[in-house]
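Please consult the model alongside the points set out below.

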Amino acid sequence: MGVKEILLVKYGEIILKGLNRSKFENMLESNIKRTAGADAIKEMKASQAIIYIIPAEGVDIDALAKKISKVFGILSIIKAGVFPKDMDVILSEGVEYVAPFLKDLKTFKVEAKRSDKKFPYNSPEISRLMGGEVLAKCHHLKVNVNEPDTVVRVEIRDNEAYVFADSAVTKGLGGMPVRSNGRATLLISGGIDSPVAGWMMAKRGVEIEAVHFCSPPYTSELAKEKVISLAKILAQYTGGYTLYIVPFTEQQLAIRDNCPEEHLTLVMRRMMMKVAEKIAQRNKSQALITGESLGQVASQTIEALGVTTDAVNMNILRPLIGMDKEEIITIARKIGTFETSILPYEDCCTVFVPKHPTTRPKIESVLKSEGKIDMEYWVNKAVEETEWMRIEAE
């Protein structure tokens, strides 16, 4: 049966935006088009908190649904059959269309909506007729109006009718459309935490760019490629963005050779934040994002985080701050970054790690240690030698 199909995209939080709602809807539609690809969608229209998407000819509708399910702001995507506004056709072909989505279920109910009030059947009548036809053709099913396994839905619109089952759903990620809540710069390493932090802030509508620090020859080209791979996975959710690669070897050597061992990591982190802040300011980014989690390592105690925060004048977003490692790993697995993150390549955060780092640093003491190097010189040198590349989802 060659039934024409469309996708019904439902969104959540955007509904609460009042007078600004159309702005968020437009952003969501733009993000869907960008993720789907220029030629994948024939038509898109929004009505009553649902975006109706007609795929272009030859496009695999299931693959399209899976692809756009990574767009933040979407709650669910339902595949629906399109039929003429003829009750006999809806009952015969519509039931035949939804039957495959009902085969493994036990109970159902029918809900109908009729925006075209000239249609000769009202919503209760449509529901009753459709329910009777489903029971006649799907003998394993029973009606349960309170807690059905699925709902078969019939929508009578101005020009056509849609028939679908809630069981034919691709779940979305929720959140807010990327670009609806400003721009921030992610400090991304090759570890588990920072890609998750970037994903979480993108889910809240933040447009991201990213900064990575590398220290050749102490870090290898494979370590750099690992980070690029992580950045590409992240781009599946955030859209394309710029990744800045900062050479950091000389800076780390200067810190190692001049600062007390117990402060090496803290001075290094402060320098990284200063470099990232300068890059962010050049690109009109409004905040920095890190993957820090309270108490996870010596540089992430309350006191140490305060020392790091003191290095910059820009807001620092730490979405993982109250999460434990297992919670972070669960998200990393969900978004597809975990297996890449655990590849055994060193990054610059694991180079020159002190044996006995301080966990209760005093800012005055750290500043004294930092004063043994020319911070401004090394920060500016790192920024000037930074390379960049455009990251797109694969």
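The points that follow are grouped by topic.

The model is predicted, so local features are reported only at pLDDT of at least 70 and side-chain atom pairs only at pLDDT 80 or more, while totals for chains, interfaces and linings use all residues. Residues are numbered from 1 along each chain as its sequence is written, and side-chain values rest on heavy atoms, with hydrogens and water left out. Helices (DSSP H or I runs of at least four residues) and strands (E runs of at least two) are numbered from the N terminus.

**Cavity**

- The structure contains one cavity of 30 Å³ or more, a cavity being a set of points on a 1 Å grid over the protein atoms alone where a 1.4 Å probe fits but cannot get out.
- The volume of the largest cavity is about 30 Å³; a volume is the space filled by probe spheres set on the grid points, which are joined across faces, edges and corners.
- Ten residues line the largest cavity, and His212, Cys214, Thr219, Ala223 and Glu346 lie nearest its centre; lining residues have an atom within 4 Å of a point.
- Two or more lining residues come from each of β11 (207-214) and α6 (221-238), with β11 giving the most, three residues.
- By class, the lining of the largest cavity comprises four nonpolar, three polar and three charged residues. Here Ala, Val, Leu, Ile, Met, Phe, Trp, Tyr, Cys and Pro count as nonpolar, Asp, Glu, Lys and Arg as charged, and the others, Gly among them, as polar.

**Second largest pocket**

- The second largest pocket has a volume of about 300 Å³, a pocket being an open set of points with protein on both sides within 12 Å along at least five of seven lines.
- Its lining consists of 18 residues, of which Thr35, Lys67, Ala235, Gln236 and Ala393 are the closest to its centre.
- At least two lining residues are supplied by each of α1 (21-36), α2 (61-68) and α6; the largest share, four residues, is from α6.
- The lining of this pocket divides into six nonpolar, six polar and six charged residues.

**Helix packing**

- The axes of α8 (residues 264-282) and α13 (residues 375-384) come within 9 Å and cross at roughly 50°. Axes are lines fitted to C-alpha atoms, for helices over the stretch in contact, and angles run from 0 to 180 degrees between N-to-C directions.
- That angle makes α8 oblique to α13, since angles under 35 degrees count as roughly parallel, over 145 as roughly antiparallel, 65 to 115 as roughly perpendicular and the rest as oblique.
- The contact (heavy atoms within 4.5 Å) involves Val267, Met271, Lys274, Val275, Lys278 and Arg282 of α8, together with Met375, Trp378, Val379, Asn380, Ala382 and Val383 of α13.
- Eight nonpolar, one polar and three charged residues make up this contact of α8 with α13.
- Helices α5 (residues 193-203) and α10 (residues 325-335) pack at about 70° with their axes 9 Å apart, and are therefore roughly perpendicular to each other.
- Asp193, Pro195, Val196, Trp199 and Met200 of α5 meet Lys325, Ile328, Ile331, Ala332, Lys334 and Ile335 of α10. This contact has eight nonpolar, no polar and three charged residues.

**Backbone geometry**

- Pro216 and Pro217 are joined by a cis peptide bond with omega of about 5°, and Pro217 is found in the loop between β11 and α6.
- Arg179, a residue other than glycine, has a positive phi near 90°; Arg179 lies in the loop between β9 (169-171) and β10 (183-187).
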